[in-house]
Structure formats: structure tokens, C-alpha cells
Amino acid sequence: MPSRDEIMAFVADNPGAAGKREIARHFGITGGARVFLKKLLREMADEGLLEKRQKKLVRAGDLPPVLVALVTGRDSDGELLAVPANWDEEEQGTAPAILVLDGRRGQGLRLPGLGDRVLLRITSDEPGAEAKHAARILRVLEKQATSILGILREGPKRFYLEPIDRKQREVEIDGSDLKDAADGDLVSIALMRGNGRYGGPRGRVVKRIGAMHSEMAISEIALHTHGIPHAFPDRVIEAAAEARPAKLKGREDWRKLPLITIDPADAKDHDDAVHAEPDPDPANRDGHIVTVAIADVAYYVRPGEPLDREAHLRGNSVYFPDRVIPMLPEELSNGLCSLKEGEDRPAMAVRMTFDAKGRKLSHSFHRVMMRSAAKLAYQTAQAAIDGEPDKVAPALLEEILKPLWSAYGALKRGREAREPLDLDLPERKIRLKEDGTVDSVYVPERLEAHKLIEEFMIQANVAAAETLEKAGIPLLYRVHDASSPEKLEALKEFLSTLGIRLGGSGGLRPSNFNAILHKVADTPESELVNQVILRSQAQAEYAPDNIGHFGLNLRRYAHFTSPIRRYADLIVHRGLIRALKLGDDGLPDGMETRLPAIAADVSAAERRAMLAERDTVDRLIALWLSDQVGARFFGRISGVVKSGLFIRLDDTGADGFVPASTIGDDYYHYDESSHSMSGRSTGETFALGDKVEVRLVEAAPYAGALRFELLSEGHYHKRSSAGQRTAMRARSAGGGAGRSRKSKGRRK
């Protein structure tokens, strides 16, 4: 009989191909000796030395030659790392890292990104120091949830799952352990081997999320749908727990400088603090020195370590109405990295000098130890400035707040001279009750305190980009391209329906758009025009190559001010540490080759977070309105497509849809150039921006969708002999409310 070591060596040399028959043939074991071989192999399996997979033996912990894996991060050289998709860390320990090599180079197929599922073939290539295995890509697979989210239903003698994703099949649920979930609860399940009693898939409850009416359950759907990582791995939690406060050694001591934080009233983390004072230099009359201090996250999150890998994977924090999915564990985001009042905190600070017109004359960066002198909410700071001094201590008002507002007055003049794109789009917020259900939808007042902090942060970001560019250090710019010719042409066509002319398609500046926005200010069309101009703009993103920021009208711009919640800012901090020789935890050498991939990763993570946040708001509002089916609402047509009209309600900002087949007693033709639908026989027209009254017909909370019935009449047109429409200036403002608009015949 071969020894155990000889059997283990043979299995290792024949991954996925060594069964009992192959072992017997290789070692010449025949006849009755096979019984002893079978017993030996069983003992080795019981001892955890061997595992049986698809009738073949492998060493415990070995990976199959071909496997499905999940891309989770990048190594210090920028190469992709993955872990097996079906790995149980409770039973198998920490998942082994796999270095992902491009096995399809030259085939024109896309490379995977973070969060993608891939089919890999394990190879004998060197995996490097940060991985246990190396593998080549065979295929990028469709994303597939490792768990299924749905509503638990109790039927006759069985439980089953009604999946949130309507494309998934109903799943029979093992009722032996429901994790305290009851009929109607949102749950997460894992699929089990073997079919249920009705031949369909079978699963077990992994987690009870809660009743479907809560914000927690609704946001969980968004996390699941968009594949957003939200549970920190054990190694990341352990690394955060082991972090210790930074020391003063090697830092400038700024603890006596009265920096303060100004944030939303419910903010849990504070990553920026500000201070301003008059410039004592007589050559800079009425000038100011503005200081912005940002949490020194780079001290705690080192390149290539578990915290860094997880932050890269997440890309940014995700914000829902009642909770945050942080980029960093709470021990850091709400603890050591948060600039708490009265506590010593490490920070990266920039001191900037501005003249009376708000032009930046100089700046310098410093690695410091600071101590926040006060924690203020936007409303509190604004109230004190507006004449309610009892809101803050008199010394705080005179010595800190008034100099801040004085400096902002100068920076505001600089902003006005720069003329960035000045969109006015009210941000609707959801106010929740204690049980997590919607209480109301409101538009928070935009205060001067908000604008002050925003402008200070913009100037700090500009200073960071200028410093790194001058030092020749690679960085991630925040770039915003000008609008494409196609989008500009569509915008011009829309504006022409309002009698507004936009200049040529080339060489436009933000001031061209601002002129239009000022023209429609305080008119019924104002919000719509703001929305349409926003849609005509390119999307801002991160890139290692600078093309400027069109919206802010800046030649160079980088994100520096929020490293607690944005990975791109952490890259910029590391660049500054390296450029200014402020420590040994700066940007590693060779980052030039990695930055394009990191830029793509964090830009995709930002888009993913925005979609998840928007979907959650849509679902919450649909759930809130679901008991108001039949109610009437006023709104405006916010979109026109061949299949119907999109309506945005005035009170809540909720979006819904009116199918074209339900509009009226005519065949409605879609006119793309005028963003309208017109009846072929009657000339009745509904156009983008029209004020209408609708009735809520259906609310689908899972999908975040609302369906309306149109109650208002459109605008009527008469036709000339040539068949051309001539507008009769009879624009309806919701007229005809209450009349029945039942459809007849074909619709388009």
C-alpha cells in the first residue's frame, strides 16, 4: 500500500482527476487490496486530508482546475484578485486569494471589474506574494446573486419565497429554521442542494431583514439588486479593531487653532473642519487665510492591507434615508477618523490665502494634529449668523463664525467671476418615522452655511490638484467633460419649444447655460429647464488624465475632502504625502499603471451607489403612496417617449408613468423634436413641462413604480391644408380635471 504522503502527492499532481480507480491503477493495487485502499482513503477524508468532489479526490482546501470566482480587489501591482464564489468561510476558513491573469488578450473581450463573476482555470503561473493561486480567465459570467431576496410566504403545509426579482422562480423554503421570520417578511435565502417537493428549487432562510414596510427592508433590496458589499469580512473588522490613535510625533501641532466642523444635524462622521481669519499681510488688504483640515485616513488605511482592499472594493459610502453603508468600518469612520469635538485627531490640512476678490494667491499643505473646537449643524451656524446669537457661545460667533462668513463673502465673489454652472435643483429628502416608514417628503432649505462649506471644499480640492500636478505625482482627477453635440442638439430643440435660443454647438461655456437658467428663473418652467439642462450634461467621473471640470469651470480639480467615504480622495491624500515627504505611507511607486483601473473601479462604484440610493427613494415613495390608489395629484410632464408620458408630482417629486394607450380617444403620435405627443385626429397635444392632474392607478413598491391616469386635457392645434400644425395659444394648466379619459382604438 502507498503511504499517505504518496497518495497526497499523487492527488496534488492530478487535480480533479484522481479517483479511487486512478490511485489503484497508479500504485498497482489489485484484488482484495482495493478494500484496504478504500478504507485508507475514507480515513484520510475523515481526518480532513482529502475531499471528494464530483467522484474525484482533492486535497482539502485545494481548488478545482476550473471554478467560478468573484473578483474582489487588486494587488499592489494593480492585478485583479478573486476568491472562489462558493466558499463557506465558517467551514473552510478564509477564502484563498487567486491572482487573475488575462487569458483572452487580443480577443476583443472585456476584462472583468470589481464585483464581476468569472470562470477561471487554475494554472501553474507564479501567484505572487498576495495570492495563493494563479488562474486565467475563460469567461466573464453574468452576475448571479449568492443569495436570493424575497418575501416569505406561508402556504398549506409549506413555506415558499416570492422573489423580489420577478425573473426568478418561486423557491420552496425549509421551515425548520426561519430565523424568526414570519409570513410577509423580507428575507434572504441560500439555495440548497436537491429540489423541493414540487420539483422546483429549495432554499433556507439565512437572514430575516424585516417587515416590507420599513426603510431597512427597502434599502436591503437596493443593496442586493446592485451587488453593493455591505458586510465587512472578519479580517477587515479585526484590522479596524486593532487600529490605535495617531501620535503627535512627525506632525505639526495645530490643536490650539479653533477649527470647527459644520455638518448636517444627524451626521455621525465629521471628515472636514474649517477656520478663517483676516490676512495680516498689509499687501493683501481685505484678504483672508482659509484653513481646511481633513481627517488623515491614510494613516490608518495603508496600501495593500485588508482595510485598503475593502475600501477599494466598495469605492465609496452609500447613503440611504435612515442609514449609511460605510466605506470603512465604524471604528474608523465614526471613531478614529472622525473629527470629534474636543478630541485629538490626525489631519491633512491646507492653508490658503485669498485676496478681496476671492482669488487664491497661495496655499500650503500640512500633516497636523488638530482638536475640533466645536461641532455645529448647518442650521445652528446659520441661525447664529442671522441674528440668533443664543444658538452658540458669543466667543464662537465673534471669533470663529463671523470670520468664516467674511472669508466666504470674498470666495463668493471669486465664484461669481468664475461662473460655474448654476443649476437650481431642489433636493428632496425623506423623513422617516421611528418604525422606519415614511413620514413625509420635503425639500430642505439650502442655507448660506451649505454654500460656505461647499466653496471652501472646492478650493481645497483645487489646491490638491495643483500641488500634485506641479510635483509630477500621479493622481485621480475629478473630470467633467463638455456636453456631446448630440445632447446639445436635443437641448436646443427642447428650448426652441419655449422660445429660447441656445448658441452654437461648439465652444459653449457654463455661462451660456446660466443665461438660460436666469431667463426662466421664477417661472413655471424653471424646474423643468434645470432638469433638462442637467440631463444634457456629461457625467462627472474620475480619470488619471486631466480634461478639466466643465460644470465648475475649473482647469484642474481633484477630490481631497472626503477620504472617509471616497476611495479617490484617499489616493489623493497618499499622493500629497509622497509629494511633500510627509511620511512613509504615501502613494506607492508604480501607481501610474494602476490608476486607469482604479479610476474605472471608483467611477463604477459611484454610479452603482447613485442608482441604489435613487431606487430606494423610489421604492419608499411608492410604498408610501400605495394606500392612496385612486387619489388625485398635480404634477408636470417630465418626460415623453413613444410608449407614454412620465409625470413628476409637485408635492413629493415622485415619478410615475401614463401609458400612451390610456391617454385619450385618438391615435397619439410621438414627436421627438418637440418632446410631445399629439392626437392624429384632434391635434390634442401633451408636451414636456405641461402641468397636469393625474389619478394614481397602481403603486408597485418592489419595483418603485407608479402608474397614473391622465385627467387633464392637452393643448389643441388646428392643421393647415399642408397638414402642418399651427399652435393655438391655449396652454392648459390642468384644465379638464376630473373628466374621464377612457381610451378607444389603437394608441402609439
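## Charge patches and strand pairing

Trainee: Where is Lys20 placed?
Mentor: Lys20 sits in helix H2. Keep in mind that this is a predicted model.

Trainee: Buried, partly exposed or exposed? What does Lys20 count as?
Mentor: Partly exposed, because its relative accessibility is 39%.

Trainee: Which residues gather with Lys20 in the positive patch on the surface?
Mentor: Arg21, Arg25, Arg34, Lys38, Lys39 and Arg42.

Trainee: And which helices each supply at least two of the patch residues?
Mentor: Helix H2, residues 20-27, and helix H3, residues 33-46. H3 gives the most, with 4 residues.

Trainee: Where does Asp390 lie?
Mentor: In the loop between helix H9 (378-385) and helix H10 (394-418). Asp390 has a relative accessible area of 66%, so it counts as exposed.

Trainee: On to strands. How many bridges join E19 to E20?
Mentor: 11 bridges, with the strands antiparallel. E19 covers residues 344-354, and E20 covers 360-371. Thr353 stands opposite Ser362 of E20.

Trainee: What about the hairpin of E19 and E20? Which residue takes a positive phi?
Mentor: Gly358, with phi near 85°. The hairpin has 5 residues between its strands.

Trainee: How do E13 and E20 run, parallel or antiparallel?
Mentor: Parallel. 2 bridges join E20 to strand E13, residues 252-253.

Trainee: Which residue of E20 is the bridge partner of Asp253?
Mentor: Met369.

How values were computed:
Residues numbered from 1 in each chain as written. Predicted model: local features only at pLDDT ≥ 70, side-chain atom pairs only at ≥ 80, totals over all residues. Heavy atoms only, no water. Patch = residues over 30% accessible without salt bridge, like charges linked within 9 Å, V, L, I, M, F, W, Y side chains within 5 Å. Areas by Shrake-Rupley, 256 points an atom, 1.4 Å probe, with all protein chains shown as cover. Salt bridge = Lys/Arg side-chain N within 4 Å of Asp/Glu carboxyl O. Lys, Arg positive; Asp, Glu negative; His and termini not counted. Charge placed at Lys NZ, Arg CZ, Asp CG, Glu CD. Buried < 20%, exposed > 50% of the residue type's maximum accessible area, 1.4 Å probe, protein only. Pairing = 2+ DSSP bridges.
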